[in-house]
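Reader: I'm new to this one and would like to know what lies behind the labels. Could you walk me through it?

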There are 2 protein chains.
Amino acid sequence: MKALIGVIDRVAAQRGDMAFSVRLWNGERRTYGTGPEDVAVRLKDRRTALGLLANPSLRFGEAYVAGDIEVEGDLGALMELLLRVARGDLAPGLLHRGLAAVTRWARRNSPRRSRRHVAHHYDLGNDFFALWLGETMAYSCAYFRHPSDDLDTAQEQKFRHLCEKLRLEPGQTLLDVGCGWGGLAAHAAAHHGVNVVGITLSEAQKRHAEAMIAARGLGGQVEIRLADYRELRPRRPFDRIVSVGMFEHVGQALIPAYMAATARLLADGGVGVLHTIGRMAPAPIDPWIGTHVFPGAYFPSLGELAEAMGDRDLAIADVEAWRLHYALTLDRWSEAFEEHAPAVAGQYGERFVRMWRLYLRSSAAAFRVGNLTVWQIQFTRGENNNLPLTRDYLSAARTEAAGS
Amino acid sequence: MKALIGVIDRVAAQRGDMAFSVRLWNGERRTYGTGPEDVAVRLKDRRTALGLLANPSLRFGEAYVAGDIEVEGDLGALMELLLRVARGDLAPGLLHRGLAAVTRWARRNSPRRSRRHVAHHYDLGNDFFALWLGETMAYSCAYFRHPSDDLDTAQEQKFRHLCEKLRLEPGQTLLDVGCGWGGLAAHAAAHHGVNVVGITLSEAQKRHAEAMIAARGLGGQVEIRLADYRELRPRRPFDRIVSVGMFEHVGQALIPAYMAATARLLADGGVGVLHTIGRMAPAPIDPWIGTHVFPGAYFPSLGELAEAMGDRDLAIADVEAWRLHYALTLDRWSEAFEEHAPAVAGQYGERFVRMWRLYLRSSAAAFRVGNLTVWQIQFTRGENNNLPLTRDYLSAARTEAAGS
């Protein structure tokens with residue numbers, strides 16, 4: 001009990017101007033800060049408290065989902081505070097790298113395991129994702145030219161930005177590794193006249209993407225395949241390659257294998273963009289997220305990516321960090337999700353709603369405090385002296401788009 | 001002799017549409033390609049040929065400087081060809097990392113050794129560098145908005161671009177690590193109202209910078225110190241930190257120490273830009289450059305930089321690769337250098353001229369074939385949620401500048 005109060009006090013010390021209270025199972029209530037309360041936390045029993053002390057990140061998520069911890073008020077602000085406090089306790093990257101090397105080989109994502117992991121998350125049903133992903137069905141960080149942009153606008157801006165970085169020209173071939181529900185593939189085909197192969201491991205995604213592509217009359221230009229990036233054996237390498245929000249599922253052990261596949265699949269001098277959640281320094285995935293939300297996932301540091309790319313002659317031309325863009329994206333998803341929460345609870349149950357609520361809010365917090373970021377990396381395979389000298393083409397594209 | 005001819009034939013096989021000839025000491029002449037000759041190479045004696053076979057990169061440079069190899073025509077194109085052929089022979093990054101780890105600790109750049117290395121190159125005399133660096137005296141990669149920009153324009157554009165990335169505000173403190181002849185420090189003080197401390201290890205640079213700063217009436221805002229980055233102990237950390245074209249002299253062994261110093265010298269939430277020649281994958285420096293031009297130098301991979309930055313909570317926000325900008329910069333330097341070559345030969349001798357000619361031309365070639373690049377990295381110390389969401393501010397700055 002004393003240990004628990006000590007931890008709560010330590011968290012409270014970093015609360016800034018936030019006001020919050022914690023109520024324990026014995027009725028004891030501790031309040032911090034003045035003015036209207038931002039967050040009220042309730043712990044149901046001693047067992048929950050002991051679990052929190054033993055394994056804070058995993059047990060907080062599990063107890064929240066089970067209803068053993070209740071949070072009223074601003075869940076996102078609470079998660080930011082908890083992550084800030086936890087940061088100070090994290091083992092530094094250097095120490096982690098040694099530990100991680102021992103365990104990562106035991107958890108390699110074989111093609112079979114990858115299929116199971118993908119099904120765990122993405123085959124929940126297209127209808128569920130359609131409730132809160134918006135019209136584009138893009139399940140990755142959007143690009144906010146202004147913080148007030150709505151979700152669909154920001155997702156379209158992301159597609160445009162990616163296609164500009166890819167330097168697409170009509171008639172070229174483009175491989176989209178982890179194409180999701182097909183939004184980017186369709187955009188590239190429709191706006192840039194390229195021929196796209198999109199690959200996914202989710203049957204639900206493939207069905208949706210194919211129907212959407214047929215409805216938009218792009219069937220002759222876009223093909224969706226149920227395939228693993230390791231198993232793809234095209235007759236000729238692709239002119240362009242893009243991967244958005246899929247690398248998270250590759251796993252630390254297979255970063256070199258992924259880059260080897262990219263080098264094999266991309267033509268000499270070809271251009272690619274890799275867009276993935278990442279970190280500043282190598283660190284294990286949050287245990288609750290890794291256990292319950294994204295089994296097998298790993299968020300790479302830029303160092304890990306750059307090293308593996310260098311070894312395969314994938315030459316980095318540009319890196320843009322979209323950290324706060326993902327926080328804004330997750331805010332939009334949370335808002336839309338909450339609108340439909342009663343309906344979701346009716347179909348999937350209350351625990352499911354609590355899991356998704358925590359996942360969305362805690363992820364936004366992780367981007368805001370800097371635990372996570374997004375690496376958007378433009379690269380070429382080997383020497384390519386034809387990329388524009390400056391990034392003005394990205395602004396020019398924006399201006400044209402704004403004028404159209 | 002047979003081995004030599006074999007090597008020449010192998011080089012010639014990759015010549016593309018270049019026409020060139022090689023004349024040996026015994027009068028034998030081999031020609032490759034048709035039409036007017038781009039390059040004619042002459043080898044003076046058998047000893048030179050044997051040296052080339054044993055240690056091509058080192059001996060080519062030494063023999064060229066000594067006049068044992070003579071090159072007529074396009075030296076830059078010849079160097080591009082040789083580097084392309086040599087690339088195929090290079091040990092991959094992975095193998096190199098193992099070998100390098102063994103030797104790098106033996107070659108750590110102590111503060112004393114750093115001073116000697118810097119004097120070797122930078123204390124040659126301000127008058128010498130003034131002949132070909134242009135008005136800004138900036139001895140690092142310029143920023144070409146158009147390939148036809150003249151050198152001074154491109155260097156000013158570099159200063160402006162760096163200052164925009166630093167997000168300078170009047171009254172802030174800025175540390176310029178390796179300030180050279182003071183051009184960037186003066187620009188930041190004059191245009192952004194910041195107080196700058198510039199550090200250099202070269203007495204000649206310090207003298208020049210101080211005179212220039214006094215002449216521009218910036219003495220109250222800019223201080224130049226003869227100091228090593230490791231020895232700096234400011235009362236308060238700086239709001240901003242920048243380093244342009246100095247990191248090359250840090251050396252592989254001290255990358256972590258450099259990042260530790262950066263983290264110590266920069267305020268929490270502060271913004272920095274690190275601009276350095278680098279590589280796609282770790283590799284040793286060219287032996288001729290490392291022996292005769294830049295002793296102690298090392299060109300880091302992005303992976304090495306990102307890993308060391310992550311370990312010190314330096315959060316990367318943006319990476320721009322300026323590879324072809326340095327090729328263009330070196331072209332301009334070469335042109336200006338050749339204009340003054342007779343005068344330089346009169347003062348420093350013919351060998352000196354040949355050394356600098358080869359250094360400038362072969363470096364441009366190394367950037368063109370992709371052996372070298374420039375990493376311009378914008379970062380913050382820890383969490384900073386105040387950087388602009390998009391890069392539009394860089395374009396906006398350009399537009400304003402173009403209109404003024």
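Reader: Let's start at the interface of chain A and chain B: how many residue pairs are in polar contact?

Author: The rule finds 19 residue pairs across the interface of chain A and chain B, both residues at pLDDT 80 or more. A polar contact is a pair of N or O atoms within 3.5 Å; within protein, one must be able to donate a hydrogen and the other to accept it, and residues adjacent in sequence count only if both atoms are side-chain atoms. Bear in mind that this is a predicted model, where local features need pLDDT of at least 70, side-chain atom pairs count only at pLDDT 80 or more, and totals for chains, interfaces and linings use all residues. Side-chain values use heavy atoms, without hydrogens and water, residues are numbered from 1 along each chain as its sequence is written, and chains are lettered from A and ligands numbered from 1 in the order in which they are written.

Reader: What makes A:Asp392 and B:Arg145 a salt bridge?

Author: The term asks for a side-chain nitrogen of Lys or Arg within 4 Å of a carboxyl oxygen of Asp or Glu. The closest N and O atoms of A:Asp392 and B:Arg145 are 3.1 Å apart, so the pair meets the rule. Between chain A and chain B the count is eight salt bridges.

Reader: Why are strand 10 of chain A and strand 10 of chain B called paired?

Author: Two strands pair if DSSP finds at least two bridges between them. Three bridges join these two strands, which run antiparallel, so they qualify. A:Val319 has B:Val319 as its bridge partner.

Reader: And within chain B, what makes strand 1 and strand 2 a pair?

Author: Strand 1 (residues 20-23) and strand 2 (residues 29-32) of chain B share four bridges in the antiparallel sense, and B:Phe20 has B:Tyr32 as its bridge partner. Strand 1 of chain B also pairs with strand 3 (residues 39-43) of chain B, in the parallel sense over four bridges. There, B:Arg23 stands opposite B:Arg42.

Reader: How do you know how chain A and chain B are related?

Author: Superpose them by least squares on the C-alpha atoms of residues with pLDDT of at least 70 in both. A rotation of 180 degrees with 0.0 Å of shift along its axis puts chain A on chain B, with an RMSD of 0.0 Å. The two copies are therefore related as by a two-fold rotation axis. A:Gly303 comes closest to that axis of the residues of chain A, at 2.0 Å (C-alpha).
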